[in-house]
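Try each task before you read its solution.

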Amino acid sequence: MQYSDFKKEMRFILICSVCLDIAFYLVSIFFIGITLRMALSLIAGNIVLIINLRLLYSSVLKHTSGRMTGKNPMMKGYLLRSLIACVAIAAGFMLDFLNPVGIMLPLFYPKMIYTVHSIIVRR
């Protein structure tokens, strides 16, 4: 995968993520009212999403270029990405100005985006 392909995919995911953030924020207004807490949490969740996707891309590039190390070369990257997500979600529970649900939602965006995209665009 070329870096330009990665940038195109990231742009696609970010545009869709912003649309999903707006949709989820509007839905949250009905349940918890207009709060800055949910908006900040969605933004924090998107930052974690971007970091995780960038780390995944780097890990895939490293291990497909033939520089395999260890018995399970993808495990380190997986554990790092999981740790980052867990720390962010824990921060959502521990910090009063964040909502853990708002942090967790963006982590599911790629699954939602690609599922809907594959249904709409049948190639």
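Task: find what share of the contacts between residues at least 6 apart in sequence join residues at least 24 apart.

Solution. Of the contacts in the chain between residues at least 6 apart in sequence, 72% join residues at least 24 apart; a contact here means heavy atoms within 4.5 Å. Before going on, a word on the ground rules: this is a predicted model, so local features need pLDDT of at least 70 and side-chain atom pairs count only at pLDDT 80 or more, while totals for chains, interfaces and linings use all residues. Residues are numbered from 1 along each chain as its sequence is written, and side-chain values use heavy atoms, with hydrogens and water left out.

**Exercise 1: layout and surface**

Task: work out how many helices and strands the chain has, and what its accessible surface comes to.

Solution. Step one, count the elements: there are 5 helices and 0 strands, taken as DSSP runs numbered from the N terminus (helices are H or I, at least four residues; strands are E, at least two). Read from the N terminus, that gives α-α-α-α-α. Step two, get the dimensions: the C-alpha trace spans about 50 × 40 × 20 Å along its principal axes. Last, of the 123 residues, 29% are buried (buried is under 20% relative accessible area, exposed over 50%, partly exposed in between; 1.4 Å probe, protein chains only).

**Exercise 2: the largest nonpolar core**

Task: list the residues of the largest nonpolar core and say which elements give two or more residues to it.

Solution. Start with the rule: a nonpolar core is a set of buried Ala, Val, Leu, Ile, Met, Phe, Trp, Tyr and Cys residues joined through side-chain atoms within 4.5 Å. Applied here, the largest such set has 12 residues: F6, M10, I13, Y25, M38, L42, L49, L53, Y57, L105, Y109 and I113. Helices α1 (3-32), α2 and α5 (109-120) each give two or more of them, and α2 has the largest share, with 5 residues. Apart from this core lies another one of 5 residues, among them V48, A88, I89 and I103.

Now zoom in on one member. Beyond residues up to four places away in sequence, L49 touches I13, S17, P106, L107, Y109 and P110.

**Exercise 3: a buried asparagine**

Task: is N46 buried or exposed, and what is it in contact with?

Solution. N46 is in helix α2 (residues 36-64). Its relative accessible area is 10%, so N46 is buried. Setting aside neighbours within four places in sequence, N46 is in contact with S17, D21, P106 and Y109.

**Exercise 4: aromatic pairs**

Task: classify the ring pairs F6 with Y57 and F12 with Y114.

Solution. Rings of Phe, Tyr and Trp (its six-membered ring) pair if their centres lie within 6.5 Å; planes under 30 degrees apart are stacked, over 60 edge-to-face and the rest tilted. That rule finds 3 aromatic pairs. For F6 and Y57, the centres are 4.0 Å apart and the planes at 20 degrees, so this pair is stacked. F6 sits in helix α1 and Y57 in helix α2, so the pair ties together parts 51 residues apart in sequence. Both F6 and Y57 are buried.

For F12 and Y114, the centres are 6.1 Å apart and the planes at 40 degrees, so this pair is tilted. F12 is in helix α1 and Y114 in helix α5, so parts 102 residues apart in sequence are tied together. F12 is partly exposed at 25% relative accessible area, and Y114 is partly exposed at 34%.

**Exercise 5: around R81**

Task: say where R81 lies and which residues R81 touches.

Solution. R81 is in helix α3 and, with a relative accessible area of 15%, is buried. Not counting residues up to four places away in sequence, R81 touches N52, L55, L56 and S59. R81 and R54 are 27 residues apart along the chain, with 9.8 Å between their C-alpha atoms.

Terms used:
Areas by Shrake-Rupley, 256 points an atom, 1.4 Å probe, with all protein chains shown as cover.
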